[in-house]
Amino acid sequence: MFLTLKLLANRHPSFIARTVFVKNNNVDDACRLVNRILGKEGILEQYRLTRYYEKPFQTRRRVNHEKCKAIYNEDMERKIQFVLRKNRHEPFPGCH
């Protein structure tokens, strides 16, 4: 048991360091909290990707799609922030 925890601790030290208290026997909320923590740290994504063998062409396709999606999201965030400027106190700072 100790060896398994030690090997797991080397791979995911943040996973071992998490302790979730269950209040009033509310296990559902505790599980939601654990799932949120694991999702934020990317452990669930890593598990999903390494669960089955991914062929090299699928890996290339996935990586390229992730890159394109990141670029698209960055541009859209910039456009949204530009459109939302009208809601600021001074929409164009430094222009006066």
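1. R32 and D29 form a salt bridge in this predicted model. Their closest N and O atoms are 2.5 Å apart. Both residues sit in helix α3, which covers residues 27-40. Because they are 3 residues apart there, about one helical turn separates them. R32 counts as exposed, at 54% relative accessibility, whereas D29 is partly exposed, at 40%.

2. A salt bridge also links E45 and R48, and here the closest N and O atoms are 2.5 Å apart. These two residues belong to helix α4, residues 43-50. They are 3 residues apart, about one turn of the helix. E45 is partly exposed, with a relative accessibility of 37%. R48 has a relative accessible area of 51% and is exposed; the cut-off for that label is over 50%.

3. Which residues does the salt bridge between E54 and R62 belong with in one network? The side chains of E54 and R62 meet at 3.0 Å, N to O. Salt bridges with shared partners join E54, R62 and E66 into that network. E54 has a relative accessibility of 23% and counts as partly exposed. R62 is likewise partly exposed, with a relative accessible area of 23%.

4. How many salt bridges does the structure hold? The total is 6. Those described above include R32 with D29, E45 with R48, and E54 with R62.

5. The surface also carries a nonpolar patch, made of F82, V83 and F92. Together these residues have about 330 Å² of accessible area. V83 lies in helix α5, which runs over residues 56-83. Is V83 buried or exposed? Its relative accessible area is 54%, so V83 counts as exposed, the limit being over 50%.

6. As for the overall fold, the protein has 5 helices and 0 strands. Read along the sequence, the pattern is α-α-α-α-α. Among these helices are α3, with R32 and D29, α4, with E45 and R48, and α5, with V83.

7. What share of the 96 residues counts as buried? The figure is 5%. A residue is given this label because its relative accessible area is under 20%. The protein exposes about 9300 Å². Carbon and sulfur atoms supply 58% of that area.

Definitions and conventions
Residues are numbered from 1 along each chain as its sequence is written. This is a predicted model: local features need pLDDT of at least 70, side-chain atom pairs count only at pLDDT 80 or more; totals for chains, interfaces and linings use all residues. Side-chain values use heavy atoms; hydrogens and water are left out. Patches are made of residues with over 30% relative accessible area and no salt bridge: like charges are joined within 9 Å, nonpolar side chains (Val, Leu, Ile, Met, Phe, Trp, Tyr) within 5 Å. Accessible areas come from the Shrake-Rupley method with a 1.4 Å probe; for residues, only the protein chains shown count as cover. A salt bridge is a side-chain nitrogen of Lys or Arg within 4 Å of a carboxyl oxygen of Asp or Glu. Helices (H or I, at least four residues) and strands (E, at least two) are DSSP runs, numbered from the N terminus. Buried means under 20% relative accessible area, exposed over 50%, partly exposed in between (1.4 Å probe, protein chains only).
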